[in-house]
Amino acid sequence: MRRVSVFGATGSIGVNTLDMLARQPGEFEVVALTGGRNVALLAEQARALGAEIAVTAHESCLPQLRAALAGSGVAAAAGPAALIEAAQRPADWVMSAIVGAAGLAPGFRALEQGATLALANKESLVAAGPLLMAEAARHGATILPVDSEHSAVFQTLIGEDIAAVERIIITASGGPFRDWPAERIAAATVAEAVAHPNWAMGARISIDSASLFNKALELIETREFFGIDPARIEVLVHPQSILHALVGFNDGALMAHLGAADMRHAIGFALNWPARRPAPVERLDLAALGRLDFAAPDPERFPALRLAREVMAAGGLAGAAFNAAKETALDAFIDGRISFAEMAPLVEATLARLSAADGIAAAPDTLDAVLAMDHLARVRAGELMSGGFGQ
Ligand code: NAD
Ligand code: MG
């Protein structure tokens, strides 16, 4: 039996992961499940799967979790240290589906004990790609992409020589504001930003999809995963979210990956790799779809992609700063402290504030260095906001 853990089990990716585990009964032994404040769901999941331990990120939720697990035989724990401890429990396969930089340390610890890491938490690669890849290599661990575009590229590259790859194209739906004029985007509400046209996802990644910050993170994720020059990575707007990525080879061939917008495909692929197993996703009827549309992203209304390219050119700890500044801007938008259109300028201003003296150019070679830059970028973004940014 394979031992598996799911970090962020109560989220959108987590729930889909448990759905896929349940479809292969008798194959898995569940070690750790983790969640946040949704303690009732976490306890229900842990009981149903007979997990060894359930961990909530919040210490204040521990009494409730203990009560909900009473008599189940499932251990309960809480807080960041408990998350790390859970990540250090031996497991063969670990789903990293916590949202945000909070997912970095548990994923890092899972790699240390040689687990195959199914990585939905793209923020880990944005903040600490070289570190994570080196850690995986050091411990003989494998990192598998779960992001749909990156799973698509990974699948398209099977049996191919990466040296023959000319370019990688990841698609973006364009989000709910794809056709909105700039003035309307500037005044967008959280409810409007969260309403993704094609994918059912957590609130934060949905808003990041509306601003194209999600695609900005994915540009960096592509670079880190496949080790390809940023100049060879393109973003293509494709409103139907049917074609997830293309790989262009040196003989002019473009190989594409198509499928329904259902994360259970990529999760199942990562779960069963290198095998393919049946997945409960809708089968495409291309004749009924009739057409697939493509367009270039608009850099004026969606500046996030330019920022990602600047971050890749800067290297060092710029990715950690970028992700942290983005998370701070997103929090501020959700809390109503800045407008939708102020997120990108806040991220840009935060990056501009961080100088060589702050260590931004240093290599992301330790977890502590990455977490320190993450913290500093949040402080700088906070200072910019209290200094009147966005007033
Ligand atoms: P979500 O908000 O639905 O779930 C997030 C999970 O993380 C929950 O279990 C929550 O309890 C937990 N969590 C939140 N903050 C935490 C913290 N500080 N410490 C510990 N746990 C915490 O998010 P999601 O949509 O499932 O996305 C999860 C990750 O997968 C993100 O990195 C996202 O970018 C990535 N991803 C998601 C999708 C998707 O379809 N939802 C697609 C591609 C990639
Ligand atoms: Mg994606």
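So, the metal site: along the sequence, the donor residues of the magnesium ion, ligand 2, follow the spacing D-x1-E-x68-E. Keep in mind as I go through this that we're looking at a predicted model. Which residues are those? Asp 147 gives an OD atom, while Glu 149 and Glu 218 each come in through OE. They lie 2.1 to 2.2 Å from the magnesium ion.

What I like here is how the site ties up the chain. Glu 149 sits in helix H7, residues 148-156, and Glu 218 sits in helix H11, residues 213-226. That pair is 69 residues apart, so it links distant parts of the chain.

While we're around H11, have a look at Leu 212. You'll find Leu 212 in the loop between helix H10, which is 203-211, and H11. Its phi is near 70 degrees, and that's a positive value in a residue that isn't glycine.

Okay, zooming out to the domains. The assignment for the chain gives three stretches: domain 1 is 2-145, domain 2 is 150-262 and domain 3 is 315-386. I want to talk about how domain 1 meets domain 3. Their centres, over C-alpha atoms, are 26 Å from each other. In terms of contact, it's 12 residues of domain 1 against 13 residues of domain 3.

How much area goes into that interface? About 880 Å² is buried between domain 1 and domain 3, with 73% of it on carbon and sulfur atoms. What about salt bridges across it? Zero by our rule. For polar contacts between domain 1 and domain 3, the count is one residue pair, both at pLDDT 80 or more.

On the domain 1 side, helix H5, 104-112, and helix H6, 122-138, each supply at least two of the residues touching domain 3. H6 gives the most, with six residues.

Last stop, a backbone detail. Which peptide bond is cis? The one from Trp 273 to Pro 274, where omega is near 5 degrees. Pro 274 is in the loop that runs between helix H12, 264-272, and helix H13, 286-289.

Terms used. Residues are numbered from 1 along each chain as its sequence is written. Chains are lettered from A and ligands numbered from 1 in the order in which they are written. This is a predicted model: local features need pLDDT of at least 70, side-chain atom pairs count only at pLDDT 80 or more; totals for chains, interfaces and linings use all residues. Side-chain values use heavy atoms; hydrogens and water are left out. Domain bounds come from an automatic or database domain assignment. Contact means heavy atoms within 4.5 Å. Buried area is the accessible area (1.4 Å probe) that two parts lose on being put together, summed over both. A salt bridge is a side-chain nitrogen of Lys or Arg within 4 Å of a carboxyl oxygen of Asp or Glu. A polar contact is a pair of N or O atoms within 3.5 Å; within protein, one must be able to donate a hydrogen and the other to accept it, and residues adjacent in sequence count only if both atoms are side-chain atoms. Helices (H or I, at least four residues) and strands (E, at least two) are DSSP runs, numbered from the N terminus. Donors are N, O and S atoms within 2.8 Å of the metal (3.2 Å for Na, K and Ca); water is not among the atoms, so sites may look incomplete.
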